[in-house]
Amino acid sequence: MTTVTKAEGAPAPTGPDGFLSVRDLQVTFSTEDGPVKAVDGLSFDLHRGRTLGIVGESGSGKSVTNLTILGLHDPLFTTIDGEIVLDGKELITATEKEMEKLRGNRVAMIFQDPLTALSPFYTIGRQIAEPYMKHTGASKKAAWERAVDMLAKVGIPNPKERARDYPHQFSGGMRQRAMIAMALVCDPDLLIADEPTTALDVTVQAQILDLLKDLQREFGTAIVFITHDLGVIADMADDIMVMYAGRAVERGTVTEVLRSPQHPYTWGLLNSMPRLDSDLGTPLAPIPGTPPSLLTPPPGCRFHPRCTFRDRVGGNRCATERPPLGPDRSSACHLSAEQKQTIFVEEIRPRLG
Amino acid sequence: MKEDLVLPATRDAAADAPPEPLLKVSGLVKHFPVKGGFPVRRTVGAVQAVDGLDFQVAEGESFGLVGESGCGKSTTGRLITRLLEPTGGTITYRGRDISHAGRKQLAPIRSEIQMIFQDPYSSLNPRQTVGKIISGPMEINGINPPGGREKRVRELLEIVGLNPEHYNRFPHEFSGGQRQRIGVARALALEPKLIVADEPVSALDVSIQAQVVNLLQKVQRELGIAFVFIAHDLAVVRHFSQRVAVMYLGKIIEVGDRDSIYARPRHPYTHALLSAVPEVTLTAEEGPARERIRLAGDVPSPISPPSGCRFRTRCWKAQDRCATEEPPLVRIAGNRDGHLTACHFPEEPTIEAREEDIVLDPALAALEEGSAEGPGKS
Amino acid sequence: MLQFIIRRTVGAFVTLFLIGAATFFLFVAAPSDYASLACGKDCSPQRLADIREALGLNLPLAQQFWHFMSGIVTGRDFPAGHCSAPCLGVSFYSGDMVWSTIMDRFPLTLTLTAGGAVVFLLIGVGAGMLAAYRRGTLVDKVATGGSMVLSSFQIYFLGPVVLTILVYSTGWMEDPRYVPITQDPVGWFVGMSIPVCVMATIFTAQYTRMARSSMIEQLAEDHVRTARAKGMSRRYVFLRYAWRGSLIPIVTVLGIDVSSMLGGAVVTELTFSLQGIGRLAVDGAVNKDLPLTMGVMLFGAFFILLINILTDITYAWIDPRIRLS
């Protein structure tokens, strides 16, 4: 487990509670136009009971990464390299049977749109009971009771009756609660939440985020939380990993990344996001240009075509050399540590107010 | 704040605003019929999408409409642009009642009121070139700008930050953000006085969203176009709009200038909405903590909205009176000029943390009571 | 649901009545004299008048129509005898009761339809599902390629080819013929197997492609991915989650195919010289036989409407969203 990746330097030492570690993950889709490298040399660790927030825009590879952890990619069009180790077990080489025992049992997932993510054909209760029966061998009756208990736990009123309802009879917020109940029914060690609140209204989103935090405290689940919303990440995560065009560009604890970000892309994200307390005199500062096509990604640092600081790096390094990302607090940028700190303090922070 | 922006609470108060507002909406109602019944199908109810709105938009002003799904904000946008016909009430544009105007009467006004849509993928015709898309409205309205339409289109492309050389390209060659720029250029083609923007940035990535917000802001300020900016994202609306109305289940429950709504809200729902926005704390030194309010459940169905105050079913201050008497949208004691609130029992005008969190959600309350640290009350 | 069925049934009767009216008035609008047709070449005026009277052609049109429609419910009396309900009148051409003629022919059509449906559902849908399940493998390629080739065939081409091989040149089988199942089950099966299989082959190809694409679409649904994420096996998810959703388009097309086949599989019947409803429809049209044409039309329309209602009930059984709205 101490494979040194060429791209990102030495991996984090896997501590005694090192639970999920991903090493140099490469995910390539074959498309009609050619191979698309959706994830390119990604490494990270997640410890028990903690929450890792993965932030990125569309096409950053954040969702692909997590489908790959569960082995839910389409094997026909996908090639995967690297290592995914969950509690000492290598997942990329695991058989389908082994993965099935893991999914919904030790690793569960919540998806973005609870309307399409729940089957319209079966009752909520049945959909929750199903994985419980499969993984614990419980009887139909016991599993149903467990489903009702779980529905009560996530705050569905009249859970006994509502368990017999179909998803379309639930409101958006209740569907996502049911989805959470389904994910937690086997008391998993790892929960992957892929934009779980993006489709919800803001007051409902607040309920769901609080619910997830409270349930995490009770069950001790580790969470990988994927979102494009920095506000949600600030609320939920312990650690943050920022992704851009299939690579991680910055990582650290929430406080580190949000209070003293060190990567030009993170700066760009923060500058372009309106906040409820931002100074209205300062216009938003968007990142110029558009995210690159992954069919023909830019060489070197993938952010360099949109980066306003690249001329401060000597030579043409940004366009030729991939900047490394360290295992702990670090940012994948060729600017020196002092430069990053100076730019942040003098040019970025004053704008953020 | 300008005096003429004060919103009249009652319909007879129009006399005190001498300069005619650009757009004046009063008592606006839109009900969509619900069919059902046996043996003969008939109208058995109505989705009360918009139920009695009053507001005005001044020339060059940016007016924000916020609210959660089902509050009727998009329907309102479609009523103003007359893509829908109101069930009741009046829409007055520059002194002319357009509530039930027919095609012919609307034609001259259509060019002055334009719309920008949410989805930049489905709102542009994929078989037309960018030039054709943008010049289309000019053609329909028979407008021949000096120097020809093509020159005007190239100017517009430049204004919205696209390369004028892209005149002959098709929409699929552009990214989402660029398409939204094309949508803006199309809206600008007829030199409108009012643009209704329905969630114009919510389909875009954060970094692109800022580009489009800035563009709209530039257009609004430099060309003096009035905006009705419809969005669910409170931070974006705050950034863009000088005056903001908060909607809940087809009604405006609070309206006022930006500061009143965001820093001194009075309606419990506005408090709940603001406290629900997840925020990035960027500065090392913490400001005063914000309040934490967690409502129970979802928005009720607009087919059978609660009696009296529509928010009462989720409100922590609700009393018997709220069920029987609908609170009028008025300037209540302690509100600044132009800040109107529809509430019998308004909150203190601050968003700073309270002594106790308000947690109405039974599951959250139970979980928080279970763990020692959550001082939740239910 | 019961309300829905009642409403649809009432609607179906109204539609049947309108179809009857449309057929009737369009038919009489065409300028031909049925009585003189029925009378033949050397026809005396007296005989012609008798025939007119016997056929009821001397009455006003509206009354003729009313007699026809009410006869379906109450039965009618003709000089030739009583025609009990449901009475579709007497054929101008043959003088037989239309209802009993249809009933004579119907078992053959029903055999063709039911037999065909069983074959193409089992083989066609089965192959399509299997192809989707083993997408990208040899099985998939064979199924896709095979259905592509077969669907470009036509019954009037494939039928004679099969007959030539199996009957005329080798003599392995006899010419297709219809024997009632009650008389001789084996003869019934053997006699009808060639037409049923040839017709089903054409449909099988279509159902294979439809089932495959419908299934692949379902497998890409979010809720199918969720079920996989819960740890349910690929086969379980395939059979419980994806399969159900993929049924809707299949049921839709099946309904259309079966109801039109019950109204007469004209091409198949002509290709194999079988006397079914389809043949009857052709005869009625060729002989300008109003009662027969109306009878066959109404009979076919009845099945279209009936199967429409059954299809909707099936939708509701498949998808609770339809059931409850």
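Colleague: Which residue is the bridge partner of A:V107 in β7(A)?
Modeller: A:L190 is the bridge partner of A:V107 there. Keep in mind that this is a predicted model.

Colleague: How many bridges join β6(A) to β7(A), and do they run parallel or antiparallel?
Modeller: There are 4 bridges, and the two strands run parallel.

Colleague: What holds paired strands together in general?
Modeller: Strands of a sheet pair through backbone hydrogen bonds.

Colleague: And the side chains of β6(A), are they buried or exposed?
Modeller: Buried, on both faces. A:V107 and A:M109 sit on one side, with A:A108 and A:I110 on the other.

Colleague: What about β3 and β9 of chain A, how do they pair?
Modeller: In the parallel sense, over 4 bridges. Strand β3(A) covers residues 51–55 and β9(A) covers residues 239–244. One bridge links A:G53 of chain A with A:I240 in β9(A).

Colleague: How many helices and strands does chain A have?
Modeller: 13 helices and 11 strands.

Colleague: Why does 21 Å agree with a compact globule for chain A?
Modeller: Because a compact globule of 353 residues would have a radius of gyration near 20 Å, and chain A has 21 Å. Its C-alpha atoms fill a box of roughly 70 × 50 × 45 Å along the principal axes. Also, 52% of the residues in chain A are buried.

Colleague: And what share of the contacts in chain A is between residues 24 or more positions apart?
Modeller: 64%, counting contacts with a separation of 6 or more.

Colleague: New topic, chain B. What does the domain assignment give?
Modeller: Domain 1 of chain B is 23–30 + 45–241, and domain 2 is 259–373. Their C-alpha centres lie 31 Å apart.

Colleague: How many residues of each domain of chain B are in contact with the other?
Modeller: 10 residues of domain 1 and 9 residues of domain 2. On the domain 1 side, β2 (42–57) and α7 (234–240) of chain B each give two or more residues. The largest share comes from β2(B), with 5 residues. By type, the domain 1 side divides into 4 nonpolar, 3 polar and 3 charged residues.

Colleague: Where does β2(B) sit in its sheet?
Modeller: At an edge: β2 and β5 (96–97) of chain B each pair on one side only. The sheet is open, has 4 strands in the order β2-β1-β4-β5 and pairs antiparallel.

Colleague: How many bridges join β4(B) to β5(B)?
Modeller: 2 bridges, with the strands running antiparallel. In one of them, B:T92 has B:D97 in β5(B) as its partner.

Colleague: Last one: which strands does helix α1 of chain B touch?
Modeller: Helix α1(B), residues 73–80, packs on the sheet and touches β1 (23–36), β2 and β4 of chain B. The direction of α1(B) makes about 75° with that of β2(B).

Conventions. Residues numbered from 1 in each chain as written. Chains lettered and ligands numbered in written order. Predicted model: local features only at pLDDT ≥ 70, side-chain atom pairs only at ≥ 80, totals over all residues. Rg over C-alpha atoms; globule rule 2.2 N^0.38 Å. Buried ≥ 20, exposed ≤ 12 C-beta atoms within 10 Å, placed from the backbone. Contact = placed C-beta atoms within 7 Å. Pairing = 2+ DSSP bridges. Domains from an automatic or database assignment. Nonpolar A, V, L, I, M, F, W, Y, C, P; charged D, E, K, R; others polar. Axes fitted to C-alpha atoms, helices over the stretch in contact; angles between N-to-C directions.
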